[in-house]
Amino acid sequence: MKINTNLNPEQIIRLEKICDEEFSRNSDTKTFRFKKLEKGIYLPTFDLINLYNVVKKRKFKDKKRVLDLGSGDGRVVFLFSLMGYSPTGVEYNEHLCKLSDNIIKPSLISERFKVKKAKFKQGDFLNEDFSDYDIIYFFPGGFNNYKELEDKLIKTMKDNSFFLVYGQKHPFEQLRPNSFWQRLAGYKEGKIMVYRK
Ligand SMILES: C[S@@+](CC[C@H](N)C(=O)[O-])C[C@H]1O[C@@H](n2cnc3c(N)ncnc32)[C@H](O)[C@@H]1O
């Protein structure tokens, strides 16, 4: 399937809304939002349109397989699926994993969102084989095992893969910001850093 970088922003806003509604309907929000789960804090990527714009601008030609490290309610995985990528989300928390796969995905499909390729696995993303992926996305809410993650990325991520990280400057020591502008003072595209190995 071709990569589609011409999504209607209304569609992305509707996607976020469905994720929010299904999350609220099906979760004890007190347990989940801003609370520490087994492996970190769950917060959704706040502005999917920003992520969409970064991916749209770069196009990531010939890049198809995407991995979201800790996929939460799955919205990033659904966004990549809408754009024609083959995305997988790995989420440790059982409730969130089932919510994305068994509730939000069918709900999106019933509204004709093309998200059939969105796949979810329950487990620790540090056990994944990163060499299977072209784009790896990470929103590190409360994550503190950067050293192990970076070592694994350096060892197993393919040379031509991209590692996209949401948020503030990150404590990586070996990964390189991809562009000249990003190397200069850690400039971010929107709120996202793009790294390579
Ligand atoms: C800040 S949320 C981001 C959710 C989603 N990626 C997004 O951007 O909307 C971080 C998620 O990562 C999960 N997580 C943290 N460490 C993990 C690990 N080692 N393996 C699998 N999931 C993990 C947490 O349970 C949480 O749901």
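Helices (H or I, at least four residues) and strands (E, at least two) are DSSP runs, numbered from the N terminus. The structure is a predicted model, in which local features need pLDDT of at least 70, side-chain atom pairs count only at pLDDT 80 or more, and totals for chains, interfaces and linings use all residues. Residues are numbered from 1 along each chain as its sequence is written. The protein chain has 7 helices and 7 strands; along the sequence they follow the pattern α-α-α-β-α-β-α-β-β-α-β-β-α-β.

**Overall dimensions**

- The protein chain has a radius of gyration of 16 Å, which agrees with the value near 16 Å for a compact globule of 197 residues. The radius of gyration is taken over C-alpha atoms, and the globule rule is 2.2 Å times the number of residues to the power 0.38.
- Taken along the principal axes, the C-alpha atoms of the protein chain fill a box of roughly 40 × 35 × 30 Å.
- Of the 197 residues, 35% count as buried. A residue is buried if 20 or more other C-beta atoms lie within 10 Å of its own, exposed if 12 or fewer, and partly exposed in between, with C-beta atoms placed from the backbone.
- Among contacts with a separation of 6 or more, 70% involve residues 24 or more positions apart. Two residues are in contact if their C-beta atoms, placed from the backbone, lie within 7 Å.

**Helix α1 and the segment before it**

- Helix α1 (residues 9-26) has 18 residues and reaches 26 Å from its first C-alpha to its last, close to the expected 26 Å. The expected span is 1.5 Å times one less than the number of residues.
- The buried residues of α1 are Ile-12, Leu-15, Cys-19, Glu-22 and Phe-23. Seen down the axis of α1, these residues fall within an arc of 105 degrees, so they line one face of the helix. The arc is that of the directions from the helix axis to the C-beta atoms.
- Cover for the buried residues of α1 includes α3 (48-58), α4 (75-82) and α5 (94-110).
- The face of α1 turned away from its buried side carries exposed residues, including Glu-10, Lys-17, Glu-21 and Arg-25.
- Asn-6 is in the segment before α1 and is exposed, with 7 other C-beta atoms within 10 Å. Asn-6 and Lys-56 are 50 residues apart in sequence and 7.9 Å apart in space, C-alpha to C-alpha.

**Helix α3**

- The buried residues of α3 are Leu-48, Leu-51, Tyr-52 and Val-55. They cover an arc of only 100 degrees around the axis, which puts them on the same side of α3.
- These buried residues of α3 pack against α1, α4 and β7.
- Just after α3, Lys-59 takes a positive phi of about 65 degrees.

**Helix α4**

- In α4, 8 of the 8 residues are buried, so the helix is largely enclosed by the rest of the structure. Among them are Arg-75 and Ser-81, along with Phe-78 and Phe-80.
- Gly-84 follows α4 and has a positive phi, near 95 degrees.

**Surroundings of the ligand**

- Of the 25 residues around the ligand, Lys-39, Gly-40, Gly-70, Gly-72 and Gly-141 come nearest. A residue is near a molecule or strand if its C-beta atom, placed from the backbone, lies within 6 Å of it.
- The shell around the ligand divides into 13 nonpolar, 7 polar and 5 charged residues. Ala, Val, Leu, Ile, Met, Phe, Trp, Tyr, Cys and Pro count as nonpolar, Asp, Glu, Lys and Arg as charged, and the others, Gly among them, as polar.
- Helix α4 and strand β2 (86-91) each supply at least two residues of this shell.

**Individual residues further along the chain**

- Arg-112 lies in the loop between α5 and β3 (119-122). Arg-112 has a positive phi of about 65 degrees although it is not a glycine, and it is exposed, with 8 other C-beta atoms within 10 Å.
- Ile-136 is in strand β4 (residues 135-138) and is buried, with 24 other C-beta atoms within 10 Å. Not counting residues up to four places away in sequence, Ile-136 touches Leu-67, Leu-69, Phe-130, Met-157, Ser-161 and Phe-163.
- Arg-196 lies in strand β7 (residues 192-196) and is partly exposed, with 16 other C-beta atoms within 10 Å. Leaving aside neighbours within four places in sequence, Arg-196 is in contact with Phe-162, Arg-176 and Asn-178.
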